[in-house]
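Some notes on helix packing and the nonpolar core follow. Please read them with the model open.

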Amino acid sequence: MTMATDDIPDMPALRARIDALDAQLIALLAQRSALIDRAARIKARDDLPARIEARIEEVVTNARRHAERAGLDPDLIESIWRRLIEAAIAQEDRHLKGDPA
């Protein structure tokens, strides 16, 4: 997915577009967090651990593939995704230990 950028006339307009995109990214991360909460409930029900190494590698591989297709640095995206995954595992662990906060 390519975004048209040639129509942005100046830095204030560019910054406004970046700020709007950042807000969308935060909203998507909030949706992801809600899915992680659901995953924790399912894992608790099914007696699964928060950390499942095969799934971690699957998610990282997917992120790298999407990054390459989008023309992004896959190493950078992998680094970001690994941090995101670790935060998700910590979130699931809290739920599994009975502390959803």
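1. The axes of H2 and H3 come within 9 Å and cross at roughly 145°. Axes are lines fitted to C-alpha atoms, for helices over the stretch in contact, with angles from 0 to 180 degrees between N-to-C directions. Helices are DSSP runs (H or I, at least four residues), numbered from the N terminus.

2. This is a predicted model: local features need pLDDT of at least 70, side-chain atom pairs count only at pLDDT 80 or more, and totals for chains, interfaces and linings use all residues. Residues are numbered from 1 along each chain as its sequence is written, and side-chain values use heavy atoms, without hydrogens and water.

3. On the H2 side, the contact (heavy atoms within 4.5 Å) includes Ile56, Val59 and Val60. From H3 come, among them, Trp81, Ile85 and Ile89. By class, there are 10 nonpolar, no polar and six charged residues.

4. The largest nonpolar core has six residues: Ala50, Ile56, Val59, Val60, Ile85 and Ile89. Such a core is a set of buried Ala, Val, Leu, Ile, Met, Phe, Trp, Tyr and Cys residues joined through side-chain atoms within 4.5 Å. H2 (53-70) and H3 (74-96) each supply at least two of its residues. H2 gives the most, three.

5. Isoleucine 89 touches Ala50, Arg51 and Ile56, residues up to four places away in sequence not counted.

6. Beyond its neighbours within four places, glutamate 92 contacts Ile36, Ala39, Ala40, Lys43 and Ala50.

Terms used:
Buried means under 20% relative accessible area, exposed over 50%, partly exposed in between (1.4 Å probe, protein chains only). Ala, Val, Leu, Ile, Met, Phe, Trp, Tyr, Cys and Pro count as nonpolar, Asp, Glu, Lys and Arg as charged, and the others, Gly among them, as polar.
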